[in-house]
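Visitor: I would like to learn how to read a model like this one. Please take me through its features one at a time.

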Amino acid sequence: MSGTITEMKIQIITLFPEVVQPYLHASMLWKAQDRGIVSYQFINLRDFGLGPRKQVDDTPYGGGDGMLLKPEPLVAAIELAKSKSPDALVLLPTPRGDIYKQSEAKKLAADNRDLIIICPRYEGYDERITTWVDKRYCIGKYVLTGGELPAMIIIDSVVRLLPGVLGGETSADIESFQDDDETVEYPQYTRPEDFRGMKVPDVLLNGHHGEIATWRQAHSKR
Ligand code: ADE
């Protein structure tokens, strides 16, 4: 590893910081923060709620089920985050976004720009907030109760690609979905050689690097 590391600041706007914090405070994501590669900051949307009840949601114009996040608290939270990180990219997880893929994770990691990630709740958000958003991502064709899990997926997939986070320099180069294609990583095995009668393929035990590479290539395709 060479050169100086620029810390990527990630600010997460959420009504449930306690849901997100434990995940970011464990394992590689925590180590990345410990090494000064990334920092996580939480902005509680409730702090920007309106009135004595700190209201953040309201009913949709035109009728319909559920509540929407109001624009005033969300935009105030984004503006606070931007004041700390003016060049940050503002990301909004939503089923209305582009499908999030490995190529997007690579792009975000390579850009190394600070990130502000909004976690919507309830039935959605007032569409006018998208004026403050740079990129909308859908993390799969299913509907979740909020943006916290998508935010963690985005953070996890980006941070592990930042230089100095993964153990092996090539760990991220040999894995699945490299070009957003259907290629997935080959199956792997560790000790014991025989587990309840299930044996590790012979080819992986014979030490012939060429044969192992061919076997791995053949088993990389879905
Ligand atoms: N919020 C709810 N469902 C979602 C999804 N599939 N992707 C991104 N954000 C979401």
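Visitor: Where is the place of P192?

Guide: Start with how elements are named. Helices (H or I, at least four residues) and strands (E, at least two) are DSSP runs, numbered from the N terminus. P192 lies in the loop between α5 (148–159) and β8 (194–195). A cis peptide bond joins R191 and P192, with omega about 5°.

Visitor: What kind of model is this, and how are residues numbered?

Guide: This is a predicted model, where local features need pLDDT of at least 70, side-chain atom pairs count only at pLDDT 80 or more, and totals for chains, interfaces and linings use all residues. Residues are numbered from 1 along each chain as its sequence is written, and side-chain values use heavy atoms, with hydrogens and water left out.

Visitor: How many helices and strands does the protein have?

Guide: Six helices and nine strands. The C-alpha trace spans about 70 × 45 × 30 Å along its principal axes.

Visitor: How do I read burial, and what percentage of the residues count as buried?

Guide: Buried means under 20% relative accessible area, exposed over 50%, and partly exposed in between (1.4 Å probe, protein chains only). Here 40% of the 222 residues count as buried.

Visitor: Is I37 buried or exposed?

Guide: I37 is buried, because its relative accessible area is 4%. The residue is in the loop between α2 (27–34) and β2 (38–44). I37 and M8 are 29 residues apart along the chain, and their C-alpha atoms are separated by 6.3 Å.

Visitor: Which other pairs can I read that way?

Guide: Take S103, in helix α4 (residues 102–111). S103 and D180 are 77 residues apart along the chain, with 6.3 Å between their C-alpha atoms. S103 is partly exposed, because its relative accessible area is 26%. Then take S157, in helix α5. S157 and P201 are 44 residues apart along the chain, and their C-alpha atoms are separated by 30 Å. S157 is buried, because its relative accessible area is 13%.

Visitor: Now the ligand. Which residues are around the ligand?

Guide: First the criterion. A residue is near a molecule or strand if one of its heavy atoms lies within 4 Å of it. Around the ligand are P93, T94, P95, Y137, C138, I139, G140, Y142, V143, L144 and P150.

Visitor: Which strands supply that shell?

Guide: β5 (89–99) and β7 (135–138) each supply at least two residues. β5 gives the most, with three residues.

Visitor: Which backbone atoms lie by the nitrogen atoms of the ligand?

Guide: Check N and O pairs: a polar contact needs the two atoms within 3.5 Å. A backbone N or O atom of G140 lies 3.0 Å from a ligand nitrogen. For Y142, a backbone N or O atom lies 2.7 Å from a ligand nitrogen. For L144, the distance from a backbone N or O atom to a ligand nitrogen is 3.0 Å.

Visitor: What percentage of the ligand's accessible area does the protein cover?

Guide: The protein covers 95% of the 260 Å² that the ligand has on its own. Such areas come from the Shrake-Rupley method with a 1.4 Å probe.

Terms used
Polar contact = N/O pair within 3.5 Å; in protein donor to acceptor, adjacent residues only side chain to side chain.
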